Amino acid sequence: MRYKTILFLASSVVIGGLIPLFVHGYWLHVTIIACYYAILASSWTLLAGYTGQFSFAHLALAGIGAYTSALLVLNTSIPLYLSILIGALTAALIGCLIGGLVLRLRGPYVALFTIAFSEIFRIALGAEYKFTRGNLGLEVPPLFEGTSKLPYYYTILGILVISLLIMWIILNSRYGLFFRAIRENEEAASVMGVNVVRYKMMAFVISSFFAGLAGAFYGHYVGMLTPNIMLIPQMGLIIAMSVIGGIESLAGAVTGAITVQFLSEYLREYGQLRLVLFALVLVVVLRFSQNGLVYPLYQWLFERKIRAELTKERVKVEGIRNAGGK
Amino acid sequence: MAEYLALQALNGLVIGLLYVLMATGLSLIFSVLKIVNFAHGELYMLGGFASYYLTRLLGINPFLAVSLSMLIVFLLGVIIEFLLLHPIYTGAIERKDEYAILMTFALSIFLQNLALMIFGPWTKNPSPFTSGTTTIGFLTTSNNRLIVAALAIVLILALLVTINKTFVGKGLRAVSQDRDAASIVGINPHRMNLLAFGVGAALAGGAGALIGPIFFVEPTMGTLPGIKCFVIIILGGMGSIKGSIIAGIILGEVESLGSVLLLDPTRGLAYKNAFGLLILIIILLIKPTGLFGEKYVRME
């Protein structure tokens with residue numbers, strides 16, 4: 001199983017590395033954004049799908065990473081890569097504070113608090129226009145010189161692969177079991193000796209760190225930041241990606257993010273209608289297939305073969321039995 | 001200054017009453033269905049648009065339009081409960097809390113995008129109830145606002161009487177206390193779910209229909225009031241209608257007076273919304289159950 005996973009990961013890295021040979025210009029940009037969403041969706045899955053903490057502040061944390069890094073570069077002489085790291089760490093710190101605040105609460109409280117935090121933070125950021133230039137947009141220095149998108153692509157691919165690897169290792173260690181134990185039943189987990197407080201905070205910190213990292217990269221890639229990257233419907237998009245892909249698997253979330261991003265670019269000419277359709281798909285998937293679409297599709301593709309063979313076998317056996325009976 | 005403060009206090013009261021109207025709907029839904037409706041702001045928005053189209057396109061009397069808008073949103077709420085939330089109570093859903101959060105949130109995104117597509121992103125004005133101003137002492141305010149406040153009070157009182165004095169209200173309270181026990185004594189919990197969600201939605205829609213004539217309506221107008229309702233129900237205590245009423249007025253006043261007292265006017269408008277977050281952080285640190293809340297009961 002482990003061998004298979006590593007093989008799968010290695011082949012995805014090779015395919016990912018070769019993509020710029022076939023994809024250029026605008027679609028390479030779309031691919032870069034897809035990778036950004038993939039990091040956000042997978043880290044949200046770690047928090048929501050695995051640990052059961054439904055946070056709506058994920059994009060606000062990405063925004064904190066982006067604005068911290070951008071303002072540091074603009075106002076101090078810190079090197080760019082360091083400022084990105086500081087952005088990610090700031091997001092992790094704020095994530096830790098949010099985690100600490102909602103620690104003793106459960107269920108809808110986490111969702112209620114984070115949605116309020118996210119929206120009010122966005123508005124306050126827009127109001128502090130002296131610092132952030134508000135809705136006019138903050139111009140952010142680019143990560144690389146020149147106009148080529150290739151270095152950006154390989155950087156975000158590297159971040160995506162490394163963050164997925166780290167999250168995969170965490171989720172497959174005993175910590176992953178603690179997270180799932182907390183999701184299923186906090187009291188039972190705590191009785192069994194899981195330090196609920198510590199691991200809830202840990203999930204918030206890890207997930208916020210990667211959100212902040214992705215956000216900081218995004219700012220330096222796009223070159224322009226507005227508080228609108230944290231709008232609630234944008235958060236809805238991340239959730240749609242995770243849920244459609246499958247909320248309880250990193251691979252599902254990544255697949256969902258890439259699929260939804262490409263579909264949404266492909267259907268761009270339909271404008272508002274595609275967003276309505278995505279939301280409708282999200283509602284229908286939630287209602288009828290809570291494991292998302294990727295895993296059931298996988299099951300259908302591979303288990304259909306097994307089922308067909310089993311049926312054939314049974315027919316043969318029954319045939320022999322019937323013949324013997326006569 | 002004192003006159004200005006008094007005027008702000010009056011405005012805070014009017015806005016607070018609309019918050020109360022909306023938040024009592026959210027509280028009613030929470031106490032009976034044990035879920036938080038994240039699409040509450042969008043139901044409010046739909047109420048606003050319903051009254052806009054009823055008054056401007058069909059030329060219906062604004063007072064009648066408010067009740068018709070509430071009826072429309074009531075029916076929508078009933079349909080939503082029947083199609084999307086019913087499976088929670090039949091045992092078809094494994095993780096009920098998560099399902100309810102994600103489903104109502106997805107619904108809010110769907111309704112907002114649908115409204116953007118159908119109604120367009122522009123702001124619109126429903127017909128005002130009346131014109132002119134009234135002066136009481138040194139306070140001058142528009143008659144429109146006074147009528148909105150009066151209608152909000154009437155609706156809140158009607159809700160309180162229905163819940164506390166009628167047979168249906170007794171049924172709602174019974175289901176909110178114990179679903180199984182209620183169904184043993186012959187109350188159909190699912191019918192009460194439909195009713196509570198419908199009435200909760202109608203209250204949000206009513207608030208939207210009332211705010212339209214004072215401000216305007218647009219597809220994204222529901223997001224912030226929706227979030228403020230979350231602040232209110234946490235401050236008042238989840239599921240407590242009395243708590244929602246007091247907390248709603250508190251939030252309206254804190255926002256109106258706080259933005260005048262503390263900050264320069266240009267940023268005050270934006271920071272008005274930050275007071276809600278501040279209240280939320282304080283209440284979560286000091287008393288997470290809110291002013292009148294009981295210990296939060298997990299849905300099983």
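Helices (H or I, at least four residues) and strands (E, at least two) are DSSP runs, numbered from the N terminus. The model is predicted: local features need pLDDT of at least 70 and side-chain atom pairs count only at pLDDT 80 or more, while totals for chains, interfaces and linings use all residues. Residues are numbered from 1 along each chain as its sequence is written, and chains are lettered from A, with ligands numbered from 1, in the order in which they are written.

**First stop: B:Gly236.** Select helix H9 of chain B, residues 223–236, in which B:Gly236 is found. B:Gly236 counts as buried because it has 28 C-beta neighbours inside 10 Å; the term requires 20 or more other C-beta atoms within 10 Å of the residue's own, with C-beta atoms placed from the backbone. Leaving aside residues up to four places away in sequence, B:Gly236 touches B:Gly243, B:Ser244, B:Ile246, B:Ala247, B:Gly290, B:Leu291 and B:Phe292. Contact here requires C-beta atoms, placed from the backbone, to lie within 7 Å. Next, select B:Ile283: it is 47 residues from B:Gly236 in sequence and 9.8 Å away in space, C-alpha to C-alpha.

**Second stop: chain A.** Colour chain A by secondary structure to see 14 helices and 2 strands. Its C-alpha trace spans about 90 × 55 × 40 Å along the principal axes. Of the 326 residues of chain A, 46% count as buried.

**Third stop: where the chains meet.** Select the side of chain A that faces chain B: 34 residues of chain A are in contact with 36 residues of chain B. Helices H5 (108–127), H11 (232–245) and H13 (272–288) of chain A each supply at least two residues of that side, and H5(A) gives the largest share, 13 residues.

Display H5(A) with helix H12 of chain B, residues 274–286; their axes come within 9 Å and cross at roughly 145°. The axes are lines fitted to C-alpha atoms over the stretch in contact, and angles run from 0 to 180 degrees between N-to-C directions. On H5(A), select A:Phe113, A:Ala116, A:Phe117, A:Ile120 and A:Ala124, which meet B:Ala274, B:Gly276, B:Leu277, B:Leu280 and B:Leu284 in H12(B).

**Last stop: A:Ala116.** Which residues does A:Ala116 touch, not counting residues up to four places away in sequence? They are B:Ile227, B:Phe230, B:Val231, B:Gly276, B:Leu277 and B:Leu280.

Terms used:
Two residues are in contact if their C-beta atoms, placed from the backbone, lie within 7 Å. A residue is buried if 20 or more other C-beta atoms lie within 10 Å of its own, exposed if 12 or fewer, and partly exposed in between; C-beta atoms are placed from the backbone.
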